[in-house]
Amino acid sequence: MGCAGSSQSKADGAVKKIRKPKPWKHPQPITKSQLIQLRDEFWDTAPHYGGRKEIWDALRAAAEADLTLAQAIVDSAGVIVQNADLTICYDERGAKYELPKYVLSEPTNLIRDN
């Protein structure tokens with residue numbers, strides 16, 4: 001039985017450097033408070049879709065940190081990064097973790113709260 005996450009690294013043990021997601025647009029313009037609500041709902045329900053809670057916690061911490069700290073968090077948690085923007089990751093057991101762009105960055109059509 002092979003590990004689903006073992007084919008991600010470029011060369012043996014090469015770590016993929018994480019980066020910010022490319023600019024993206026939400027289907028409708030949303031406010032900062034709506035974005036925060038979407039993020040909170042995602043993080044509250046994410047562990048129920050599988051994977052380990054400690055990996056979800058590490059991914060949340062990484063998503064909310066600057067790039068240098070985020071890299072240290074995913075490295076120390078043993079997260080295998082498939083997409084450099086953290087949208088698809090795996091744990092050491094091969095469980096897949098998919099993060100929507102809205103938890104990783106703000107959309108280009110974010111509108112100010114009144």
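Which residues touch the most other members of the largest nonpolar core? Of the 22 residues in this core, they are Trp43, Trp56, Leu59, Leu86 and Leu99, where a nonpolar core is a set of buried Ala, Val, Leu, Ile, Met, Phe, Trp, Tyr and Cys residues joined through side-chain atoms within 4.5 Å. The elements that give two or more residues to this core are α1, α2, α3 (67-77) and α4, and the largest share, six residues, comes from α2. Helices (H or I, at least four residues) and strands (E, at least two) are DSSP runs, numbered from the N terminus.

The model is predicted, so that local features need pLDDT of at least 70 and side-chain atom pairs count only at pLDDT 80 or more, while totals for chains, interfaces and linings use all residues. Residues are numbered from 1 along each chain as its sequence is written, and side-chain values use heavy atoms, with hydrogens and water left out. The protein chain averages a pLDDT (the predictor's confidence in each residue, from 0 to 100) of 88, and 86% of the residues score at least 70. Over residues 1-12, however, the pLDDT is below 50, and this stretch has 13 contacts in the model beyond near neighbours in sequence, a contact meaning heavy atoms within 4.5 Å. Where pLDDT is low, the predicted coordinates should not be read in detail.

At 1.5 Å a residue, the 14 residues of α1 (residues 32-45) should span 20 Å, and the end C-alpha atoms are 20 Å apart, which agrees; the expected span is 1.5 Å times one less than the number of residues. Within α1, Leu35, Arg39, Phe42 and Trp43 are buried, a word that means under 20% relative accessible area, with exposed meaning over 50% and partly exposed in between (1.4 Å probe, protein chains only). Seen down the axis of α1, these buried residues fall within an arc of 90 degrees, so they line one face of the helix, the arc being that of the directions from the helix axis to the C-beta atoms. What covers them includes β1 (30-31), α2 (53-63), β4 (96-98), α4 (101-104) and β5 (110-111).

At the start of α3, a side-chain oxygen of aspartate 66 reaches to within 3.1 Å of the backbone nitrogen of threonine 68, and α3 is followed by glycine 78, whose phi is positive, near 75 degrees.

The loop between β2 and β3 holds leucine 86, which counts as buried because its relative accessibility is 4%. Phi of leucine 86 is near 70 degrees, a positive value in a residue other than glycine. Not counting residues up to four places away in sequence, leucine 86 touches Ile18, Ala62, Val74, Val81, Leu99 and Leu104. Threonine 87 is found in the loop between β2 and β3 as well, and at 13% relative accessibility it counts as buried.

Conventions
Polar contact = N/O pair within 3.5 Å; in protein donor to acceptor, adjacent residues only side chain to side chain.
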